[in-house]
Amino acid sequence: MGFLLTKMMAVFGDREHKVIVVGLDNAGKTTILYQFLTKEAVHTSPTIGSNVEEIIVRNTHFMVWDIGGQESLRASWYSYYSNTEIILLVVDSTDRNRLSITREELHQMLAHEDLQNAAVLIIANKQDVKGSMTVAEISECLTLNSITSHPWHVQACCALTGEGLPACLDWMKSQVVVN
Ligand SMILES: Nc1nc2c(ncn2[C@@H]2O[C@H](COP(=O)(O)OP(=O)(O)OP(=O)(O)O)[C@@H](O)[C@H]2O)c(=O)[nH]1
Ligand SMILES: [Mg+2]
């Protein structure tokens, strides 16, 4: 039976893994979702509600929910949390003024009971912009070293070119293999 299951998983792929994409408005969440899917930068407008797409990474199926990040929408992020395996927290690396709001949102999310088994990937987006914050600066401001309750990782990227996004997908895949 175990052998048959292993064989079937090799042929048909794994079950679906739920991923949520959160972060403040204008961080680049929707741009990232469609870069994952089409390998191109699409034109976006602010997300009201959510977008959902299936992304397949070498036989691993991710159901990726991109959630609107405007202030009025953040209070309902929790309604997407159940069964989430991976959180993608997208940071606009040019937005120094609001990084402390992201820190509060992150630590509040990690305390939520529905996210106790989730892994967190912090995506430092917009690295193409001169003067944008580095991964080290973002890690320090978000106090990532204090997180011991969840697996986490930081990845620099530029959603317009797609640079850094294959590494995000590799990390996501490594987390579901581990779990
Ligand atoms: N320079 C630069 N601009 C980017 C990058 N990624 C996204 N943008 C731009 O940032 C703006 C916002 O991108 P969205 O993907 O719509 O942001 P969002 O996080 O989905 O925003 P909400 O839906 O309002 O929560 C758009 O004008 C994008 O073209 C990047 O890596 N570099
Ligand atoms: Mg959006």
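Trainee: Asn83 first. Buried, partly exposed or exposed?
Mentor: Partly exposed, because 13 other C-beta atoms lie within 10 Å of Asn83. Bear in mind that this is a predicted model.

Trainee: Where does Asn83 sit?
Mentor: In the loop between helix H3 (71-74) and strand S4 (84-92).

Trainee: What about the phi of Asn83?
Mentor: Near 65 degrees. That is a positive value in a residue other than glycine.

Trainee: Which other residue has a positive phi near 60 degrees?
Mentor: Lys39, also a residue other than glycine.

Trainee: Is Lys39 buried or exposed?
Mentor: Exposed, because Lys39 has 10 other C-beta atoms within 10 Å.

Trainee: Back to the loop between H3 and S4. Where is Ser79?
Mentor: In that loop, between H3 and S4. Ser79 is exposed, with 10 other C-beta atoms within 10 Å.

Trainee: How far is Ser79 from Thr31?
Mentor: Their C-alpha atoms are separated by 22 Å. Along the chain, Ser79 and Thr31 are 48 residues apart.

Trainee: Switching to the ligand. How many residues are around ligand 1?
Mentor: There are 22. Gly28, Thr30, Thr44, Thr47 and Gly69 come nearest.

Trainee: Which element gives the largest share of the shell around ligand 1?
Mentor: Helix H2, residues 29-38. H2 supplies three residues.

Trainee: What does UniProt list as "binding site"?
Mentor: Thr30 and Thr47, in an unreviewed entry. They are spread over 18 residues of sequence but cluster in space, with a largest C-alpha distance of 7.7 Å.

Trainee: Take Thr30. Where is it, and is it buried or exposed?
Mentor: Thr30 lies in helix H2. Thr30 counts as buried because it has 23 C-beta neighbours inside 10 Å. The cut-off for buried is 20 or more.

Trainee: What does Thr30 contact?
Mentor: Leaving aside neighbours within four places in sequence, Thr30 is in contact with Thr44, Thr47, Asn51 and Asp66.

Trainee: And Thr47? Where does that one lie?
Mentor: Thr47 lies in the loop between H2 and strand S2 (50-57).

Trainee: What does Thr47 touch?
Mentor: Thr30, Asp66 and Gly68, not counting residues up to four places away in sequence.

Trainee: Why is H2 called largely enclosed?
Mentor: Because seven of its 10 residues are buried. Among them are Lys29, Thr30 and Phe36. Ile32 and Leu33 are buried too.

Trainee: What does H2 lie across?
Mentor: Strand S1 (16-22), S2, strand S3 (60-67), S4 and S5. H2 runs at about 35 degrees to S2.

Trainee: Now the sheet. What is the strand order?
Mentor: S2-S3-S1-S4-S5-S6. It is an open sheet of six strands with mixed pairing. The edge strands are S2 and strand S6 (152-156), and each pairs on one side only. The twist averages 25 degrees from one strand to the next.

Trainee: How many bridges join S1 to S3?
Mentor: Six, and S1 and S3 run parallel. Glu16 stands opposite His61 in S3.

Trainee: And S1 with S4, how many bridges?
Mentor: Five, and S1 and S4 pair in the parallel sense. In that pair, Val21 stands opposite Leu88 in S4.

Trainee: How many residues of S1 are buried?
Mentor: Five of its seven, and S1 is mostly covered.

Trainee: Last pair. How many bridges join S4 to S5?
Mentor: Seven, with S4 and strand S5 (residues 119-125) running parallel. Ile86 stands opposite Ala119 in S5.

Trainee: Which way do side chains point in a regular strand?
Mentor: They alternate between the two faces of the sheet.

Note on methods: Residues numbered from 1 in each chain as written. Chains lettered and ligands numbered in written order. Predicted model: local features only at pLDDT ≥ 70, side-chain atom pairs only at ≥ 80, totals over all residues. Near = placed C-beta within 6 Å. Helix = DSSP H or I, 4+ residues; strand = E, 2+ residues; numbered from the N terminus. UniProt positions renumbered as here; feature names shortened; annotations may be inferred. Buried ≥ 20, exposed ≤ 12 C-beta atoms within 10 Å, placed from the backbone. Contact = placed C-beta atoms within 7 Å. Pairing = 2+ DSSP bridges. Axes fitted to C-alpha atoms, helices over the stretch in contact; angles between N-to-C directions.
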